[in-house]
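Here are my notes on the model, point by point.

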Amino acid sequence: MMNVDVFEALGVIGVAFLVTYALRGLPFVVLSRWRDTPVLRRLAVLMPVGVMVILVVFTMRDIDFTAASRWVPMVAGIAATALIHWWKQNTLVSMIVGVFVYWFVELLTV
């Protein structure tokens, strides 16, 4: 068993805390100068859509399309999420409805 000095452990934890805090705060400090630029406004519009597209592609990349029980629930959940979001413009509601549609369709296809 290793004997670790309490002050050494606290030092490591303190350094990890400072590095984590600095890395999380740095983007806010850097971007504060560019807050009202057209580039940042454009990114604010495009980033959420881009992240959702990446998540959908990542989720569906390994689907076995030969078995309907594998792809139908995912496509139904994604379609429900997209339709509810288009209709209500509420991300939380659309995600919850999409998850429930996925679960329900998956229960039906088992």
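1. Terms first: buried means under 20% relative accessible area, exposed over 50%, and partly exposed in between (1.4 Å probe, protein chains only). Gln89 is exposed because its relative accessibility is 57%. Gln89 sits in the loop between H3 and H4; helices (H or I, at least four residues) are DSSP runs, numbered from the N terminus. Its phi is near 55°, a positive value in a residue other than glycine.

2. On provenance: this is a predicted model, with pLDDT of at least 70 needed for local features and 80 or more for side-chain atom pairs, while totals for chains, interfaces and linings use all residues. Residues are numbered from 1 along each chain as its sequence is written, and side-chain values use heavy atoms, without hydrogens and water.

3. How many aromatic pairs does a search of the whole structure find? Three. Rings of Phe, Tyr and Trp (its six-membered ring) pair if their centres lie within 6.5 Å; planes under 30 degrees apart are stacked, over 60 edge-to-face, the rest tilted. One of the pairs is Phe65 with Trp71: the ring centres are 6.2 Å apart and the planes lie at 40°, so this pair is tilted. Trp71 is partly exposed, at 30% relative accessibility.

4. Phe100 and Trp103 also pair, with centres 5.4 Å apart. Their planes are at 80°, so the pair is edge-to-face. Both residues belong to helix H4 (residues 91-109), three residues apart, about one turn of the helix. Trp103 is partly exposed, at 46%.

5. Lys88 lies over the face of Trp87, 4.3 Å from the ring centre. The test: NZ of Lys or CZ of Arg within 6 Å of the ring centre and within 35 degrees of the ring normal.

6. The largest pocket has a volume of about 620 Å³. A pocket is an open set of points on a 1 Å grid over the protein atoms alone, where a 1.4 Å probe fits, with protein on both sides within 12 Å along at least five of seven lines; lining residues have an atom within 4 Å of a point. Volume is the space filled by probe spheres set on the points. Of 20 lining residues, the closest to the centre are Met52, Val56, Ile78, Thr81 and Met95. Helix H2 (38-60), helix H3 (68-88) and H4 each give two or more residues to the lining.

7. Ser94, in helix H4, is buried at 2%. Beyond neighbours within four places in sequence, Ser94 is in contact (heavy atoms within 4.5 Å) with Thr81, Ile84 and His85.
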